[in-house]
Amino acid sequence: SFHSEGHYIYGRWANLSETSFEESYFERNLAIARAEIHSGWAAVLVKDGEVIDREKGRGTKPALVLVNRRLSRLETEADVLEADPGLVFGDKVLGLAAFRLGYLIGCRAMWGEMASEIAVIEGKKRAVQVEYGQLVPMILNATGSGLCPMERLASTHDGDLEFYYHLSERIS
């Protein structure tokens with residue numbers, strides 16, 4: 001049955017504006033990404049409430065593997081740059097490098113168990129919803145003595161595709 005202020009859903013009335021639908025859709029996908037990362041996956045892609053790809057491992061490599069698999073399915077390079085509003089990227093450590101990889105394949109919502117301030121700032125600049133468990137000033141290298149080399153590499157490239165190609169050469 002229909003009520004003038006909303007729709008009857010799951011035993012209660014809900015006011016479903018387009019904005020609230022989009023927010024709940026993103027929140028659901030982000031929650032799935034968060035759960036996958038918490039359960040031990042290093043990187044995950046979620047769309048339409050389902051995990052479409054995930055990878056284990058350390059560092060930037062799991063995100064790069066997901067991106068490589070996703071790019072191998074695309075018809076043209078132009079497809080890479082198009083936003084996929086339903087695609088959510090999750091990473092154990094969402095620094096600038098992981099952010100740029102997720103953005104490259106069209107993700108406009110991302111989850112990081114740990115996220116760097118620069119990734120969050122970049123998200124705001126690019127209108128990407130970035131959620132996280134812990135916010136840190138920067139992603140450090142394995143010894144904790146300085147900036148992660150992938151973060152440094154990500155900050156030296158203007159374009160996401162250029163960064164991806166350089167990263168792919170370094171990590172194989």
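Tutor: Begin with pairing: two strands pair if DSSP finds at least two bridges between them. Strands (E, at least two residues) and helices (H or I, at least four) are DSSP runs, numbered from the N terminus. This is a predicted model, in which local features need pLDDT of at least 70, side-chain atom pairs count only at pLDDT 80 or more, and totals for chains, interfaces and linings use all residues. Residues are numbered from 1 along each chain as its sequence is written, and side-chain values use heavy atoms, with hydrogens and water left out.

Student: How many bridges join β7 to β8?

Tutor: Strand β7 (residues 109-116) and β8 run parallel, joined by 7 bridges. Ser116 stands opposite Val136 in β8.

Student: In what order do the strands of the open sheet come?

Tutor: The order is β5-β4-β6-β7-β8, with mixed pairing among the 5 strands. Each of β5 and β8 (129-136) has a single partner strand, so one side of each lacks a neighbour in the sheet.

Student: Is Asp53 buried or exposed?

Tutor: Buried means under 20% relative accessible area, exposed over 50%, and partly exposed in between (1.4 Å probe, protein chains only). Asp53 counts as buried because its relative accessibility is 12%. Asp53 belongs to strand β5 (residues 50-55).

Student: Which residues does Asp53 touch, leaving out those up to four places away in sequence?

Tutor: Contact means heavy atoms within 4.5 Å. With that exclusion, Asp53 touches Ala43, Val44, Leu45, Leu66, Arg69 and Arg73.
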